[in-house]
Amino acid sequence: MHLEQLLAGRADLWRGRAVPAANPAGVSTGYTALDAVLPWGGWPPASLSEVLDARPEGALSLVLPTLIRLSHRPRWLLLIDPPLPPFAPTLAALGLDLARLAVVTAGTETAWAAEQGLRSGACSAVLIWGRETPWRGPALRRLQLAAQSGDALALLFRGTEAAQNPSPAALRLRVRPLAADLEVEILKQRGGRPAGVLRLAWPEARIGKEERGWPANERKVRKR
């Protein structure tokens, strides 16, 4: 077997600026401009992606169109340690099938729970927060291998300070929600080069600024 064949079979290896002969088709982000600059035409399939945002709940707006689409497929959407409980009325109004949504509070076992969910084969996507978890190289590589094993999207949400640390993730995005747009910077993409900063319009007019992410639920929590 040639070296190129061996490397092609290891999705957990980042090959720097080397471009594979063909990138597998990804899952659309719901943003045409972002899909156009990603080598997979969307989120990298069966891989770990990192979304970095100063506010842990803010970057959910970026992945919401993907979640809505995946919720109408047979497998589950698993949320592990989200910073706020999902506000079901808002998500349902936006078209997400709540019957395919599961939420787990794992505490100190966030990394373990995420790995189990990814490997299970029952999830199309696993969203991971766990801001108290020290996400270091070995733990991140286990998430990448688990995503590959279970053919699932692993979406890890971290603070912007994580950009200073190396990661085996296939894709790393830094996100900043704005009043009328979403600013996305591609920090790293396997099989391609960073594409600078993109200003993305919200994918659907019905997602108003009061419905991006889970802010309605956030207000409820703060009133208590």
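Buried means under 20% relative accessible area, exposed means over 50%, and partly exposed is in between, with a 1.4 Å probe and protein chains only. Helices (H or I, at least four residues) and strands (E, at least two) are DSSP runs, numbered from the N terminus.

Some ground rules. This is a predicted model, where local features need pLDDT of at least 70 and side-chain atom pairs count only at pLDDT 80 or more, while totals for chains, interfaces and linings use all residues. Residues are numbered from 1 along each chain as its sequence is written, and side-chain values use heavy atoms, with hydrogens and water left out.

Now the overall picture. The chain has seven helices and eight strands. Of its 224 residues, 47% are buried. Contact means heavy atoms within 4.5 Å. Take the contacts in the chain with a separation of 6 or more: residues 24 or more positions apart account for 68% of them.

On to the sheet. It is open, has eight strands and mixed pairing, and its order is β3-β2-β4-β5-β1-β6-β7-β8. Which strands stand at the edges? They are β3 (101–104) and β8 (196–201); each has a single partner strand, so one side of each is left without a neighbour in the sheet. Neighbouring strands are turned by 20° against each other on average, direction ignored. Axes here are lines fitted to C-alpha atoms, for helices over the stretch in contact, and angles run from 0 to 180 degrees between N-to-C directions.

Back to β2 and its partners. Two strands pair if DSSP finds at least two bridges between them. β2 pairs with β4 in the parallel sense, over five bridges. L78 has V126 as its bridge partner in β4. β2 also pairs with β3, again parallel, over four bridges. There, L79 has V103 as its bridge partner. Between β2 and β3 the chain passes through helix α4 (residues 88–93), and this β-α-β crossover is right-handed. That is, with the strands pointing away from the viewer, the path from the first strand over the helix to the second runs clockwise.

Next, the helix across this part. α5 (residues 110–119) lies across β2 (76–80), β4 and β5, and runs at about 165° to β4. Its buried residues are T110, A113, A114, E115, G117 and L118. They pack against β2, β4, α6 and β5. After α5 comes G121, with a positive phi near 80°.

Now α3 (residues 60–70). It is mostly covered: 10 of its 11 residues are buried. Among them are L60, P65 and L70. S71 sits in the loop between α3 and β2. Buried or exposed? S71 counts as buried, at 1% relative accessibility. Leaving aside neighbours within four places in sequence, S71 is in contact with L77, G95, L96, D97 and R100.

R100 comes up again, this time with a ring. R100 lies over the face of W76, 5.6 Å from the ring centre. The rule: NZ of Lys or CZ of Arg within 6 Å of the ring centre and within 35 degrees of the ring normal.

How many aromatic pairs are there? The count is one. W129 and F157 are stacked, at 4.6 Å centre to centre and 10° between the planes. The pair joins distant parts of the chain: W129 is in the loop between β4 (123–128) and α6 (137–150), F157 is in strand β5 (residues 153–158), and they are 28 residues apart. The cut-offs: rings of Phe, Tyr and Trp (its six-membered ring) pair if their centres lie within 6.5 Å; planes under 30 degrees apart count as stacked, over 60 as edge-to-face, the rest as tilted. W129 is buried, at 2% relative accessible area. F157 is buried too, at 4%.

Last stop, β6. Strand β6 (residues 171–177) and strand β7 (residues 181–189) pair in the antiparallel sense over seven bridges. L173 has I186 as its bridge partner in β7. L171 is also in β6, and counts as buried at 0% relative accessibility. Its contacts, leaving aside neighbours within four places in sequence, include W40, W43, P44, I186 and K188. The C-alpha atoms of L171 and W43 are separated by 7.9 Å, yet these residues lie 128 apart along the chain.
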